[in-house]
Amino acid sequence: MTDRDIGDILWQPSPERIAASRLAQFAVAQGFATTDYAGLHAWSVTEPEAYYSALWDAFGVIGSRGDRTVETGDTLAATRFFPGARLNYAENLLQDADDRTAIIAHRDDGTRRQLSRRELLALVSRCAAALRADGVGPADRVAGIVTNDIEAIAFYLATAAIGAVWTSCSPDFGPAGAADRLGQVDPKVLVAVAGYSYAGKWIDSAASINAVAAASRLSRIVLIGEPSTERDYAGSVARIEDWLAPHAAGPLEYHRGAFDAPLAILYSSGTTGRPKGIVHRAGGLLLQHLKEHQLHCDLRAGDRLFYYTTCGWMMWNWQVSGLASGATLVTYDGNPSWPEARRLPDLIDAEAITVFGTSAKYLDACSRAGLRPAGTHDLGTLRTILSTGSPLLPQSFDYVYDSWKRDVHLASISGGTDICGCFLGGMPTLPVRRGELQGAMLGMDVAAVGSDGRPLAGEPGELVCRNAHPSMPLGFWGDADGSRYQSAYFERFSGVWTHGDYVELRPSGGYVVHGRSDTTLNPGGVRIGTAEIYRIVEAIEAVEESIAVGQDWQGDQRIVLFLKLRDGATLTEELQQRVRRAIRAGATPRHVPAKIIAVPAIPRTRSGKISEVAVREAVHGRPIGNDTALANPESLAAFMARPELVETN
């Protein structure tokens, strides 16, 4: 128990730390006091031409800026930033190729490797030459089924260097998950690990590789590592060593494209069908990540930046951009608590990490495990802890300051795959308040609004962004007329971006995130699409149909799967285990439901669609917004007040 309240100050930066921060220096350069974040933020959203011009200059972006900074359009999505600019994302990350360490890569099996900036550039130049030799050019897609390791970063940068488009997923997505994502963008080259280790177990990737090959027109598969046994792969396969052998390191010719040139394709959760490919622009990610790293995280040249992530999460792309600030990337692939819970705190001390990024779920797990690094570790280099993926609970703020380090900037940050960046986050010049994100990021005109679209304060509302920003995606892959993109973000409230989070503006100017407002599942901060679950479950003979929702549970979210069984079938323990095994094999362990419950019917709208929103509200005991839209509203009774879903279970 604690006598602390929401909004209580837990950490206050010293005057010296404030003055030394990049954010304070940027504020002073624009004519603001070091602690006048509110004034600086207001200027950043009302004077976009001056603001984005100042960002370009402050970060020393390599490239030609062009004559215009902002070109407004009829809609937010039509706004263009630096329309005459020419730049290359990789060129900005690979500058100053000297002997400073670029990457320190760890795996949970104990492997440690590192590369200097000079060595990284050499590897990227070889990968770029090999891609070009395989006919890859601007706008072609290069896909990866890769672990968070040196090769993945090198291929991402090589792809960017030649103007091609990178897209990746983690190997634990499974064959269907990988094919649904990577197959739809028809990559020319697939880079894939033969397998990977997780918590002492070797997992082969051949099925996923072949599934992507079957769903696309690959001209090459580049294999990283060796399979545990002899495997047959579809298509033209080359081991990475053989593929790179003809190409010596040499000067890298960068393809400088437009600010809006596509850089990477990330994927939505797949709630209503196949995951949507979200296309992100090179200039937008470069500039926004520089802003978030240097101004909001106070990342500096020589810092060591860590984020626990996979290559299927936007935080991987976000971390890689840290090279543009001169930071060393410390990566980790595998189970963060293997072989023991202290693995990542050990890493902080061993590698002198200064900025440590993780998830709210990880911090909660450490708390439950009784981990107290303040008493067992030095953590002397640790300056900032970042948390994202799901809301950081007030008690987790307490845990960090009581059990990790008192003098540390704890920044809970919130954004998404949709923008590959943040709407809300940290400010190193402001106090950290219990349970709150410190405020809206520079350049982001964020508000919480009610159902009428009017701004709210002191109560939850929909998170909207009322201005254009350069990390808005170019659009969705295959959405030629932009209608799906428009529908996803701009239909709910006309003329503004609606993100799908419930947030509350606090008196301090900070925010509390209350969770998702859409139907995407979000256990442990990992967005999961229900359609991926349905596809697997409904292939089981005993299951007629299913519906999955996220139940708020002990500060996080757990997946509850309801099944309508075929006549004569019963939900035995054996059937439940069969369902769980099928989901684990066909999707990922994160898709496996915490509870499986049989119901007599699934609620449907009058147009025949299952209603996840109605079931979610019923599970939580909240009023159903519009049950007249349901063809069978009586079916909701089976989802209400279920004894299996109370706090003791």
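Y52 is buried, at 1% relative accessibility; buried means under 20% relative accessible area, exposed over 50%, partly exposed in between (1.4 Å probe, protein chains only). Y51 is buried too, with a relative accessible area of 0%. The model is predicted: local features need pLDDT of at least 70, side-chain atom pairs count only at pLDDT 80 or more, and totals for chains, interfaces and linings use all residues. Residues are numbered from 1 along each chain as its sequence is written, and side-chain values use heavy atoms, without hydrogens and water.

**Aromatic pairs**
- The whole structure holds 25 aromatic pairs.
- Rings of Phe, Tyr and Trp (its six-membered ring) pair if their centres lie within 6.5 Å; planes under 30 degrees apart are stacked, over 60 edge-to-face, the rest tilted.
- Y51 and Y52 are edge-to-face, because their planes stand at 65 degrees, with ring centres 4.6 Å apart.
- F562 and F639 also pair edge-to-face, at 4.6 Å centre to centre and 70 degrees between the planes.
- F562 lies in strand β33 (residues 556-565) and F639 in the segment after α20 (612-619), 77 residues apart.
- Helices (H or I, at least four residues) and strands (E, at least two) are DSSP runs, numbered from the N terminus.
- Both F562 and F639 are buried.
- F26, F32, W43, Y51, Y52 and F81 form a cluster through ring pairs.

- Two strands pair if DSSP finds at least two bridges between them.
- β2 pairs with β5 (residues 86-87) over 2 bridges.
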